[in-house]
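Subject: Structure handover

Hi,

Here is the structure I promised to pass on. Have a look at it first, and then read my notes below.

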Amino acid sequence: MSKDVAADIPVAEAPAKRAPLNKYALACAILASMNSILLGYDVSVMSGAQIFMKKDLKITDRQIEILAGIINIFSLVGSLAAGRTSDWIGRRYTMVLAAVIFFAGALIMGLAPSYAVLMVGRFVAGVGVGYALMIAPVYTAEVAPTSARGLLTSFPEVFINTGVLLGYISNYAFHSLPVHISWRAMFLAGAVPPVFLAIGVLVMPESPRWLVMQGRIGDARRVLQKTSDTPEEAVERLADIKSAVGIPEGISDDSDEVIAIARKSKGADGKGVLSDLLLRPTPPVRRILIACLGLQFFQQASGIDSVVLYSPRVFETAGIKSDANTLGATISVGATKTLFILVATFFLDRVGRRPLLLTSAGGMVLSLLTLASALHVISGRAPADGATALSGVSIASVLTFVASFSIGMGPIAWVYSSEIFPLRLRAQGCALGTAMNRIMSGAITMSFYSLSDKITLAGSFYLYASVAAAGWVFMFCFLPETRGRSLEDTEVLFGGGDDAGKEDGHGHTKSTQLTTPTQH
């Protein structure tokens with residue numbers, strides 16, 4: 001970002017008195033974000049299930065590594081398809097589709113008689129995870145009022161962590177069953193939440209921004225009246241959305257003219273959006289895309305899924321030997337990860353995105369360096385030589401690592417990605433960010449055993465620490481603060497907008513156009 005552009009950006013300031021939290025928007029955000037339970041559960045349940053699958057199916061560490069990580073690659077299908085699907089059938093029905101697909105995948109995994117069938121189940125579940133991971137933050141950001149967007153858009157990460165905790169609890173609850181039943185029960189338990197999620201989503205309203213893109217202005221107005229802090233904000237939000245879509249003021253709601261304009265607008269049906277993002281991006285769009293992809297890259301490349309998925313192996317290396325104690329220790333990981341997400345939830349709209357991101361990444365670097373150093377010393381000592389004390393340091397480092405992740409990098413990667421894209425690019429832009437997230441998660445989890453064999457377990461965590469440090473530099477240099485801005489107004493932070501210089505009612509510089517018209 002150039003200094004001239006940065007100098008013209010007004011500093012976002014929190015209002016002197018915060019508006020009461022909109023309960024209707026809160027309910028919508030909770031219902032939508034509960035889809036994210038699916039991802040958290042699937043990642044953590046595999047950490048315990050692999051112990052018993054290995055014994056029952058007589059499979060190798062390499063096969064376990066592939067089975068655990070491949071779901072992230074499979075989820076690319078869902079995350080990339082979700083952008084176009086949600087532009088076509090709407091955000092709400094895309095969430096229903098995600099729940100149905102994951103339900104089928106959980107059943108296949110739980111009833112699988114062989115490794116090959118398990119892989120089929122992982123593929124189906126992965127597609128459902130990809131859909132859920134992309135659509136939940138997009139819907140929540142589009143429904144939430146500006147005053148609480150950070151809080152509400154962090155909810156998907158809250159429920160990912162809830163899913164992680166539930167997966168660990170499921171591991172512990174079923175570990176005493178016969179080996180051939182225990183891991184199947186863990187997977188089958190994951191088929192229960194999607195049933196309730198699909199039913200809950202059906203009572204939610206559709207995204208007002210998607211409704212405007214379909215020319216349904218009256219429906220969008222009714223949703224905004226329920227989800228905005230004041231009637232004036234509802235009017236302003238609707239005007240901003242209509243301007244972004246290209247619908248002029250003065251045309252009656254839901255008229256044939258409005259519908260025709262909305263459906264001709266680029267991005268209303270998802271066509272041509274990827275070319276605007278990847279082939280012909282304007283400089284502001286390019287900067288937004290780099291910000292989104294970079295943030296998602298560093299979120300996963302710093303090793304969080306390796307810690308969550310392979311924490312039993314880490315604890316075993318640190319000196320905890322029995323299955324029951326190892327699985328019990330993993331519950332503390334899930335509980336810590338879930339508890340500390342509340343820090344981000346309550347402070348996102350108070351202190352902003354950047355301070356939490358930078359604090360989070362700094363804490364992750366220190367925790368990873370401490371964990372790696374402790375494991376390095378443990379690997380060269382017998383238990384009688386002091387490894388027990390270092391075991392405690394290792395476990396504490398794992399807990400501080402997941403706590404640091406949860407206060408910033410975890411939730412804010414999704415919050416930030418969902419709020420920086422302009423309306424017509426948002427769904428598929430976020431889909432690309434989700435794809436990057438899943439690619440890196442798959443690469444990290446599918447290489448952990450192989451990497452630790454090559455450079456040792458301690459070396460792996462030293463590597464993750466260096467990546468997290470690079471992420472801190474990237475975020476410090478490249479990510480502007482978005483707190484206090486409407487979704488239609490964030491592009492000015494990246495130098496976009498044909499209307500730069502105009503001001504909205506809050507004194508913020510406004511812009512509504514970020515992409516250049518495509519010539520056919």
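Let me start with the surface. Phe103, Leu107, Leu111, Leu188, Val192, Val195, Phe196 and Ile199 together make a nonpolar patch of about 710 Å². Before going further, the ground rules: this is a predicted model, in which local features need pLDDT of at least 70 and side-chain atom pairs count only at pLDDT 80 or more, while totals for chains, interfaces and linings use all residues. Residues are numbered from 1 along each chain as its sequence is written, and side-chain values use heavy atoms, with hydrogens and water left out.

As for what "patch" means here, the residues must have over 30% relative accessible area and no salt bridge; nonpolar side chains (Val, Leu, Ile, Met, Phe, Trp, Tyr) are joined within 5 Å, and like charges within 9 Å. The areas are from Shrake-Rupley with a 1.4 Å probe, and for residues only the protein chains shown count as cover.

Which helices each supply at least two residues of the nonpolar patch? They are α5 (91–111) and α10 (192–201), with α10 giving the largest share, four residues. Helices here are DSSP runs (H or I, at least four residues), numbered from the N terminus. Val192 is in α10, and its relative accessibility of 46% makes it partly exposed. For that label, buried is under 20% relative accessible area, exposed is over 50%, and partly exposed is in between (1.4 Å probe, protein chains only).

**Helix packing**

α5 also turns up in a helix pair. Two packed helices are described by the angle between their axes and the distance between the axes. For α5 and α6 (residues 115–143), the axes come within 7 Å and cross at roughly 155°. The axes are lines fitted to C-alpha atoms, for helices over the stretch in contact, and the angles run from 0 to 180 degrees between N-to-C directions. The crossing of α5 past α6 is left-handed, meaning that the near helix is turned anticlockwise from the far one by less than a right angle; clockwise would be right-handed.

Most residues other than glycine have a negative phi, and most peptide bonds are trans. Two residues to check:

- Lys58 is not a glycine, yet its phi is positive, near 55°. Lys58 sits in the loop between α3 (37–57) and α4 (61–89), and is exposed at 66% relative accessible area.
- Thr456, also not a glycine, has a positive phi of about 75°. Thr456 belongs to helix α22 (residues 423–478) and is partly exposed, at 45%.

**Salt bridges**

How many salt bridges does a search of the whole structure find? The count is 12, where a salt bridge is a side-chain nitrogen of Lys or Arg within 4 Å of a carboxyl oxygen of Asp or Glu.

One of them pairs Lys54 with Asp61, with 2.6 Å between the closest N and O atoms. Lys54 is partly exposed at 33% relative accessibility, and Asp61 is partly exposed at 28%.

Another joins Asp219 to Arg222, with the closest N and O atoms 2.4 Å apart. These two residues are about one helical turn apart, because three residues separate their positions in helix α12 (residues 217–227). Asp219 is partly exposed at 24%, as is Arg222 at 47%.

Then there is Arg353 with Glu419, at 3.0 Å from N to O. This pair links distant parts of the chain, 66 residues apart: Arg353 is in helix α19 (residues 353–379) and Glu419 in helix α21 (residues 409–420). Are they buried or exposed? Both Arg353 and Glu419 are buried. There is also a network, in which salt bridges with shared partners join Asp87, Arg91, Glu142 and Arg426.

**Two glycines**

Gly319 is in the loop between α17 (304–317) and α18 (323–351) and is partly exposed at 44% relative accessibility.

Gly328 is in α18 and is partly exposed, at 28%. From Gly328 to Ile169 is 8.4 Å, C-alpha to C-alpha, although they are 159 residues apart in sequence.

Cheers
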